Amino acid sequence: MPLGPVPHITPLPSVKPKRLSLALQGGGALGAFTWGVLDRLLEVDSVGFDTISGASAGSINAVLLASGLADGGRPEARRRLERFWHRLSHAARRASLVKTGLSLDISTRILSPYQFNPFDLNPLRDILSEEVDFKSLHGAPVRLLVAATRVRDGALRIFRNRGLTLEAVLASACLPLLHHAVSVDGEPYWDGGYAANPPLTQLVQASRSSEVMVVQIIPTARAELPTTSPEIVKRLEQITFNGPLHRDLEALAAMKKLAEGEGGPTSRLGRKLQNLRLHHVNAEDHVDGYGELSAMDLDWSILESLRDSGRSAAEAFLESRAQSARNSAIRLPA
C-alpha cells in the first residue's frame, strides 16, 4: 500500500542567531532571577540580543550584559553578572543589611537617607564602577534603554548607550527612602521603576526584532489581606512598581488591536505591532513562595536559588521557541 506524501522539512538555520529584545523589570534582590534568565540565554548561540530596556535592578543586569558582550563576548557577560551579584551580596553582609527586616523598615519610615546616611554611602557605586566600562557601552552590540524618574515632575527619562554613565545607572536604581537622589546633568532622579518598570512601549519602538521578552520580578498576586504595617507597605510597593508595566501591556494590546483593524497598519509602528511576538516571563510562576521573598534580602543562598529558577524559566522559553520553529519548518504539500 503506497504511503502518503512525505512532509517537506526545511532545515533550521544554524549560523545567524535569532535576535531577541528584552524588557527587564526592577525589583532589588529579586533581580537575581533575571540574572538567571540572562545566564541561560547567554549559553545559547542561537539567541542574539537586539535591544534591552530596564529599570533599577533590570538596568543593572542590562548594562552588565552589554558591557560584558562588548569587552569579552558571552563568557565575559556571564562572568560579570555572577561577579556583580556575588560582590553585592558580600557587601550587604559586611554592612549588616542582609535580613534586617523590621528594623530597617522602621528606620526608613522615621529618618530620611539624608539623616541616617548623610555621606550617601552606597556600595553599589564602587561595584558598578569596577565592573562596567561605561565607555564600552557606546559601541556595545546591544542597544540599551535605561529608565530613571525625574524628581521634579515625575517624568520618565531614558538613557541610551552614549548617554549612559555610572550616575545614570545609579539614578535608575535610586530608592528614595534608602539613598540620596542622584543628580544627572544637574537634575535629581529617583528609581526608574516609578515611571516605567521597565520601558516597554519605547522598547518596541526601538527594537529591530519583532520578538520581545518581558521579565517581570515584582509579585502581582497576594492571597491574604495585608494587615500589619510592614505587610501593607510591601504590598503598596508591589502595586506601585507593577503599575507602569501593567499600563504598558494594556496599551500595547490596544494599539496592536487597532493596527490589525480594518485596512491594516499604515504606520511603521503599526506594522511592528502587527508582527510583535511578546513573551512574558513572570518570576512568581517559577518560584514557590515567591511573594514572601524580600527585595532587600541579598543573602547569597537566596540569590543562587533565584538565579537557578531564572535559568529554568529561560530553559522553558527556549524549549517552547525551538518547538515553534520545528512546527513552522514542517510543511505538508497541498
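Which residues of H1 are buried? Select helix H1, residues 31-42, and you have Gly-31, Ala-32, Phe-33, Thr-34, Trp-35, Gly-36, Val-37, Leu-38, Asp-39, Arg-40, Leu-41 and Leu-42, where buried means under 20% relative accessible area, exposed over 50%, and partly exposed in between, with a 1.4 Å probe and protein chains only. Because 12 of the 12 residues of H1 are buried, the helix is largely enclosed by the rest of the structure.

Before going further, note that this is a predicted model, in which local features need pLDDT of at least 70 and side-chain atom pairs count only at pLDDT 80 or more, while totals for chains, interfaces and linings use all residues. Residues are numbered from 1 along each chain as its sequence is written, and side-chain values use heavy atoms, with hydrogens and water left out.

Now show the whole chain as a cartoon, which displays 10 helices and 10 strands; helices (H or I, at least four residues) and strands (E, at least two) are DSSP runs, numbered from the N terminus. Of the 334 residues in the chain, 47% are buried. Of the contacts (heavy atoms within 4.5 Å) between residues at least 6 apart in sequence, 78% join residues at least 24 apart.

Next, select Phe-33 and Leu-41, the residues with the most contacts inside the largest nonpolar core, which has 68 residues. Such a core is a set of buried Ala, Val, Leu, Ile, Met, Phe, Trp, Tyr and Cys residues joined through side-chain atoms within 4.5 Å. Helix H2 (residues 57-94) supplies the largest share of this core, 14 residues. Apart from it lies another core, of 13 residues, including Leu-145, Leu-200, Leu-203 and Ala-206. If you display the surroundings of Leu-41, leaving aside neighbours within four places in sequence, its contacts are Leu-20, Leu-22, Val-47, Phe-49, Arg-74, Met-213, Ala-314, Phe-317 and Leu-318.

Stay in helix H1 for Asp-39, which is buried, with a relative accessible area of 7%. With neighbours within four places again set aside, Asp-39 is in contact with Arg-78 and Arg-311. A C-alpha distance of 8.3 Å separates Asp-39 from Arg-307, although the two are 268 residues apart along the chain.

Two backbone stops follow. Ser-56, in the loop between strand E3 (47-55) and H2, is not a glycine and yet has a positive phi of about 55°; Ser-56 is buried, with a relative accessible area of 9%. Asp-185, in the loop between strand E6 (182-184) and E7, also is not a glycine and has a positive phi of about 55°, but Asp-185 is exposed, with a relative accessible area of 68%.

Finally, look at the peptide bond from Asn-197 to Pro-198, which is cis, with omega near 0°. Pro-198 lies in the loop between strand E7 (187-191) and helix H7 (201-206).

Note on methods:
Expected span 1.5 Å × (residues − 1).
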